[in-house]
Every structure is written in C-alpha cells, then in structure tokens.
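Colleague: I am new to this structure, and I would like to learn how its features can be read. Could we go through them together, one at a time?

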Amino acid sequence: IDWEVRIGPRTVVYPSIVIEGPTRIGADGCVYPHVHIRSSVLGDRVRVLSSTVMEDTVLEHDVQVGPFSRFRPKTRVRAGARVGNFVEMKNTVFGPGSKAQHLSYVGDSTVGEGVNVGAGTITCNYDGVHKNPTRIEDGVVIGSGTELVAPVTVGRGAYIAAGSTITRDVPAGALAI
C-alpha cells in the first residue's frame with residue numbers, strides 16, 4: 001500500500017493486494033485478496049472482490065465489483081451498481097443500480113439507471129479508425145450474447161433479445177432482435 005493511499009475507518013483490506021498512487025477508499029468497505037488498485041476513488045461500503053484490477057476508476061458508494069473484474073481508465077461505477085466476474089469496462093459511466101454480472105465488455109459507453117447487461121454482452125466501439133460511443137438509457141434489459149455496434153443508442157425501457165447484434169438505434173420501450 002503506497003504512502004499516498006488513504007483508507008477510511010472500518011474498511012477491511014486483506015493481504016496480497018496492491019494499492020498505489022493517490023487512491024482514496026471510503027469507510028466500511030472491503031478489499032479482498034489479489035486486488036490491484038491504482039489512482040482510484042472508492043466510496044463508502046464498497047466491496048472489491050478477489051482478483052479485480054482497476055486504474056483511474058471511481059466506484060461510488062455501495063458498489064460491489066468482482067471477482068476478476070477489470071476497470072480501465074475513465075470508468076465510473078455509480079452508487080449501488082454491481083459488476084461481476086470477467087467484466088471489463090473502459091471510459092464508461094455505469095448507472096446507479098445497474099448490473100453487469102458476468103463475461104461482458106462495456107467500453108466508451110454511458111449506461112443509465114437500473115440497466116441489466118446480460119452475460120456475454122459487448123459494446124463494439126472501435127471501427128478500425130475511431131472509438132464510437134454507446135448510450136444505454138434507464139431501465140434497459142440486454143439479453144445475453146448481445147453485440148451493440150457503436151455508435152448506437154438504446155432507448156429507455158427497451159429490451160434487447162439474447163444473441164442480437166444491434167447496429168441501429170433502438171427506440172424507447174421497443175423490443176430489438
């Protein structure tokens with residue numbers, strides 16, 4: 001644990017971890033073994049499960065991430081969200097109470113509140129020249145095995161069927177297959 005790191009009261013930090021840079025960890029949290037955190041901010045009551053790696057990331061209050069999650073720079077996980085096994089995020093704001101529990105990639109994206117990202121979902125954000133944004137509005141349900149080919153917006157309350165490849169915007173409340 002670097003000298004610059006600040007850890008709040010009653011937060012448990014298990015052995016076999018690396019925390020470096022100007023990292024701030026709030027109160028009443030838990031950081032489990034084999035975690036690597038660099039230059040990040042973690043709010044109160046945050047749980048970082050084993051083998052998670054993050055850099056230049058913000059985890060707001062009451063967030064749980066891991067195990068085996070990867071957070072690349074410019075990622076913000078909003079209050080009450082859950083990010084699980086083998087999920088990678090980069091340059092993304094992941095909304096309050098939203099969930100991406102396993103085997104997904106969410107990059108260059110804005111994800112609204114209460115979104116469920118099904119297993120195996122990926123945002124296809126690079127077209128060979130540019131990084132393109134994906135926007136997922138509040139209350140969206142994304143079925144497992146979905147590809148969202150950016151730039152694309154999925155409207156509020158829309159439902160994406162499992163196994164879909166989405167190449168155009170999806171209107172609010174729509175079912176996309």
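**Salt bridges and a cavity**

Modeller: Let us begin with a pair of side chains in this predicted model: Asp-62 and Arg-45 meet in a salt bridge, with 2.6 Å from N to O. The two residues belong to distant parts of the chain, 17 residues apart, with Asp-62 in the loop between strands S10 and S11 and Arg-45 in the loop between strands S7 and S8.

Colleague: How many salt bridges does the count come to?

Modeller: The count comes to nine salt bridges. Another of these joins Glu-88 to Arg-72, whose closest N and O atoms are 3.0 Å apart; because Glu-88 lies in strand S15 and Arg-72 in the loop between strands S12 and S13, the pair ties together parts that are 16 residues apart in sequence.

Colleague: How does one look for cavities, and what lines the largest cavity here?

Modeller: In general, rolling a probe the size of a water molecule over the atoms shows where empty space is left. In this structure the search finds one cavity of 30 Å³ or more, and its lining includes Tyr-105, Val-117 and Leu-148. By class, that lining has seven nonpolar, two polar and no charged residues, while strands S18 and S21 each supply at least two of the lining residues.

Notes. Residues are numbered from 1 along each chain as its sequence is written. This is a predicted model: local features need pLDDT of at least 70, side-chain atom pairs count only at pLDDT 80 or more; totals for chains, interfaces and linings use all residues. Side-chain values use heavy atoms; hydrogens and water are left out. On a 1 Å grid over the protein atoms alone, a cavity is a set of points where a 1.4 Å probe fits but cannot get out, and a pocket is an open set with protein on both sides within 12 Å along at least five of seven lines; lining residues have an atom within 4 Å of a point. Grid points are joined across faces, edges and corners, and a volume is the space filled by probe spheres set on the points. Helices (H or I, at least four residues) and strands (E, at least two) are DSSP runs, numbered from the N terminus. Ala, Val, Leu, Ile, Met, Phe, Trp, Tyr, Cys and Pro count as nonpolar, Asp, Glu, Lys and Arg as charged, and the others, Gly among them, as polar. A salt bridge is a side-chain nitrogen of Lys or Arg within 4 Å of a carboxyl oxygen of Asp or Glu.
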